[in-house]
Amino acid sequence: MKTRTSFCLCIPPARDGCPVQDILRSHGFSRRLLIALKKIPGSVRLDGEPVYLIVPVRSGQQLTVDLTGLSGSEHIVPTPLPLEIVYEDADLFVLNKPAGMPVHPSQGHYTDTLCNALAYHLEQNGDPFAAHAVGRLDRDTSGLVLLARHELSACILSAAMRDRRIHREYRAVCTGMLPASGTIDAPIARAHGSTIERVVSASGEPAVTHYRRLEDANGYSLAAVRLETGRTHQIRVHMKHIGHPLPGDFLYHPDTSVISRQALHSYRLSFPHPMTGAPLTFTAPIPPDMRAILAKRP
């Protein structure tokens, strides 16, 4: 399926006389996108004619915005890597990321990321790469990742994230017998002298994690985890804080006897579609390396 290249709208009677920019703002265009549109001649048209954003519209007119000029994605090297597409349409992708794969290229990871794999998939379909991750997953966390396919979709989904209308539920394997359910309300700060490690600290940012034990076996518990806040390493730090760290976590519990990475998986993702508003929900099964920790043993 090709990426959406334009946004089209027939002006309803209720919006007669409104400036073009007000119409676009009401449909999710951010101030930043409107500023970008002003720099692209002919990107906004009213009944097929280029128009300034301050021009008032009339009921029944056709407003069209060319989205192709708004693409701000950096150059990504297309690389033939495994790619599990859970869902795709003209506006977004939902992908199931394997553990060990970064989402974006960075130093030392220029061609082995989820975006490299997606760029290759799009190239094979004759579609240029223009995808924006909404939210983030650590390299060694597996599971669902949401990516917008164009700037308008990215703008709307980012606003939905800020308004907490995008809901993610994790599965985590924790050491020991986790309580049946609970809430961890403990602020998180950067560890002194470290650029990546985080700790619970009174001077940190507010962080709230809700969990529910689903099963237990072999000295470990499987938990459903939901976040109210999105601090870096929040689940990993909070579970360590209550005495139930994730096995395989090189930073917070470097015990790799049962798994070689932190036992954390983005299991469920729910959000309104950026263009239609329709509710969408997706799940990705717990991967074998996490399931094996809880498997019955002879």
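So, start with Leu152: setting aside neighbours within four places in sequence, Leu152 is in contact with Phe7, His27, Gly28, Phe29, Leu33, Leu67 and Met275, where contact means heavy atoms within 4.5 Å. Before I go on, this is a predicted model, with local features needing pLDDT of at least 70 and side-chain atom pairs pLDDT 80 or more, while totals for chains, interfaces and linings use all residues. Numbering runs from 1 along each chain as its sequence is written, and side-chain values use heavy atoms, leaving out hydrogens and water.

Back to Leu152, which sits in helix 4, residues 151-162. Helices here are DSSP runs of H or I with at least four residues, strands are E runs of at least two, and both are numbered from the N terminus. Buried or exposed? Leu152 counts as buried because its relative accessibility is 0%; the cut-offs are under 20% relative accessible area for buried, over 50% for exposed and partly exposed in between, with a 1.4 Å probe and protein chains only. Leu152 and His27 are 125 residues apart in sequence, with a C-alpha to C-alpha distance of 9.3 Å.

Now the cores. A nonpolar core is a set of buried Ala, Val, Leu, Ile, Met, Phe, Trp, Tyr and Cys residues joined through side-chain atoms within 4.5 Å. The largest one has 27 residues, and the members touching the most others are Leu118, Phe129, Leu147, Cys174, Val225 and Met239. Elements that each supply at least two residues of this core include strand 6 (92-97), helix 3 (114-124) and strand 8 (142-148). Helix 3 contributes the most, five residues. There's also a second, separate core of 23 residues, with Leu9, Leu33, Val57 and Leu67 among them.

Next, Arg198, in strand 12, residues 198-200. Arg198 is buried with no salt bridge, and the nearest side chain of opposite charge, Glu197, is 8.8 Å away. For a salt bridge, you'd need a side-chain nitrogen of Lys or Arg within 4 Å of a carboxyl oxygen of Asp or Glu. What does the side chain of Arg198 reach at 2.9 Å? The backbone oxygen of Ile196.

How values were computed:
Lys and Arg count as positive and Asp and Glu as negative; His and the chain ends are not counted. A polar contact is a pair of N or O atoms within 3.5 Å; within protein, one must be able to donate a hydrogen and the other to accept it, and residues adjacent in sequence count only if both atoms are side-chain atoms.
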